[in-house]
Amino acid sequence: MLRATLRKLHEHTSFKRDPIGYHRRQGVHIGERLDLIGGHPKTFGSEPYLITIGDDVTISNEVVFITHDGGLRVIRHEHPGAFYYAPITVGDRVFIGAGAWLLPGVHIGAGAIIGARALVTREVPPNTVVAGVPARPIKSVEEYVSGHVEDWLDTAGLASVEKRGILEKHLMGDPPIMPAS
C-alpha cells in the first residue's frame, strides 16, 4: 500500500515537472514542439509505446488515446488469447480538440483538425477537418481557414491584460455603463 502510494506520488511529481519528458519515458514517440494542454499521466493510455506524435501538434484538454479493444473481454472465456492492439499515429501540424477520443489503428494525416468531442474510429486524411461521433470529414482545412479570416484577432505576444482589452473591445462591445450608487 505504501509502495503504491509512493509510486503514484513519484509519477505525479515527474509528470508535473516535465509532462512531455514523462510521456517520452513511458514510450510515446513524440516529435518536436508538442503543445499538450491539460494532459495527465494517462493521456496516452495503457500502451503509450504504440503511439507516435508528429511535429508541431496540439493536443487539447481531456483527449484520450486508446490502443486496445477491451470489448473482447466478453469472449475470453472461450478465447483466452483474444486481445487486439493497434498503433495510433498523428501526423505533423495536427490540432486535436478537447475531449476527442482516438481508437486503435487510427492514423491522422498532416495538417488535420479534429473537432472537440470527436470519436475518431478511422483514418483522417491530411488537411481535413473532422467532427462528430463517429468523426466524419466536414470540410478541408483550407475551407475552414477561409471561413474565419475576417474573425481573426492578432493577440500573439501580448500580455494577458492587453489581450483581455482587445478581446473585450472586439467581442463584448463597449462596456456597460453602471449606474452610480
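## Sheet, core and aromatic pairs

Four strands make an open sheet, ordered β1-β3-β6-β9, with parallel pairing. β1 (29–30) and β9 (107–108) stand at the edges. Each has a single partner strand, so one side of each is left without a neighbour in the sheet. The model is predicted.

Inside the sheet, β3 and β6 pair in the parallel sense over 3 bridges. I51 has I88 as its bridge partner in β6.

**The nonpolar core**

The largest nonpolar core holds 27 residues. Which of them touch the most other members? They are I53, I59, F65, I96, L102 and I108. Two elements give two or more residues to this core: β3 (51–53) and β6 (88–90).

L102 shows how such a residue is surrounded. Leaving out residues up to four places away in sequence, L102 touches V63, V64, F65, I66, I88, V90, I96, I108 and V120. Among these contacts, F65, I96 and I108 are also on the list of residues that touch the most other core members.

**A buried histidine**

H23 sits in helix α2 (residues 19–26). Is this side chain buried or exposed? H23 has a relative accessible area of 1%, so it counts as buried. The cut-off for buried is under 20%. Beyond residues up to four places away in sequence, H23 touches F15, V28, I30, L36, H40, P41, T43 and F44.

**Aromatic pairs**

The whole structure contains 2 aromatic pairs. Their geometry is set out below.

| Pair | Centre to centre | Angle between planes | Class |
|---|---|---|---|
| F44 and F65 | 4.8 Å | 45° | tilted |
| F83 and Y85 | 6.4 Å | 5° | stacked |

Take F44 and F65. F44 lies in the loop between β2 (35–36) and β3, while F65 lies in strand β5 (residues 64–65). The pair therefore ties together parts that are 21 residues apart in sequence. Both F44 and F65 are buried. F44 is also one of the residues that H23 touches. F65 is a contact of L102.

Now F83 and Y85. Their planes are at 5°, so the pair is stacked. How accessible are the two residues? F83 has 46% relative accessibility and so counts as partly exposed. Y85 is partly exposed too, with a relative accessible area of 44%.

Note on methods: Residues are numbered from 1 along each chain as its sequence is written. This is a predicted model: local features need pLDDT of at least 70, side-chain atom pairs count only at pLDDT 80 or more; totals for chains, interfaces and linings use all residues. Side-chain values use heavy atoms; hydrogens and water are left out. A nonpolar core is a set of buried Ala, Val, Leu, Ile, Met, Phe, Trp, Tyr and Cys residues joined through side-chain atoms within 4.5 Å. Buried means under 20% relative accessible area, exposed over 50%, partly exposed in between (1.4 Å probe, protein chains only). Contact means heavy atoms within 4.5 Å. Two strands pair if DSSP finds at least two bridges between them. Rings of Phe, Tyr and Trp (its six-membered ring) pair if their centres lie within 6.5 Å; planes under 30 degrees apart count as stacked, over 60 as edge-to-face and the rest as tilted.
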